[in-house]
Amino acid sequence: MTDAPRPPFPPFTRETAIQKVRLAEDGWNSRDPEKVALAYTVDSRWRNRAEFVTGREEIIAFLTRKWARELDYRLIKELWAHDGDRIAVRFAYECHDDSGNWFRSYGNENWEFDDAGLMRLRYACINDLPIEESERLYHWPLGRRPDDHPGLSDLGL
């Protein structure tokens, strides 16, 4: 694993914060734990719901478990606020379990970055809403959300 710089770098402007949020969304939509982990410092600390994760190896293990049970995962993130080396986002993702039950999960994250643009802190609060498959709003092919697909605000989320 590498500690290659990950632009854009703090301090963030509105434009670079939006760019950072989209890059994070794109990474998570890849559903590739090793790739996603490279955006975090080697000693990154997370709180995700009631789980605490420290370091890239634990991030990889966490994301591997996550995407093994959250099938057809599609995520949209949106900038909420930024200041210096911190960004706050809101997000929603849709997925189903191995029984075909669909969910839309809503959440907020607080991020803090080092000078190289790697995330060192991630605090996530998430709530799950069971939905019918007919209520899904995310229909793009798995992977990166198309640029012309509506964002959270456009979808009324």
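Analyst: The protein chain holds four helices and six strands, where helices (H or I, at least four residues) and strands (E, at least two) are DSSP runs, numbered from the N terminus. Their order from the N terminus is α-α-β-β-α-β-β-β-β-α. This is a predicted model, in which local features need pLDDT of at least 70, side-chain atom pairs count only at pLDDT 80 or more, and totals for chains, interfaces and linings use all residues. Residues are numbered from 1 along each chain as its sequence is written, and side-chain values use heavy atoms, with hydrogens and water left out.

Of the 157 residues in the protein chain, 47% are buried, meaning under 20% relative accessible area with a 1.4 Å probe, protein chains only.

Now the core itself. A nonpolar core is a set of buried Ala, Val, Leu, Ile, Met, Phe, Trp, Tyr and Cys residues joined through side-chain atoms within 4.5 Å. The largest one has 28 residues, and Trp-28, Trp-46, Leu-63, Ile-87 and Trp-111 have the most contacts inside it. Two or more of its residues come from each of helix H1 (14–30), helix H2 (33–37), strand E1 (40–48), helix H3 (56–69), strand E3 (71–83), strand E4 (86–96), strand E5 (102–113) and strand E6 (119–131). Another core, of five residues, lies apart from the largest one and includes Ile-76, Tyr-138, Trp-140 and Leu-152.

Leaving out residues up to four places away in sequence, Leu-63 touches Trp-28, Pro-33, Val-36 and Trp-46; contact means heavy atoms within 4.5 Å. Across the protein chain, 58% of contacts between residues at least 6 apart in sequence join residues at least 24 apart.

How values were computed. Buried means under 20% relative accessible area, exposed over 50%, partly exposed in between (1.4 Å probe, protein chains only).
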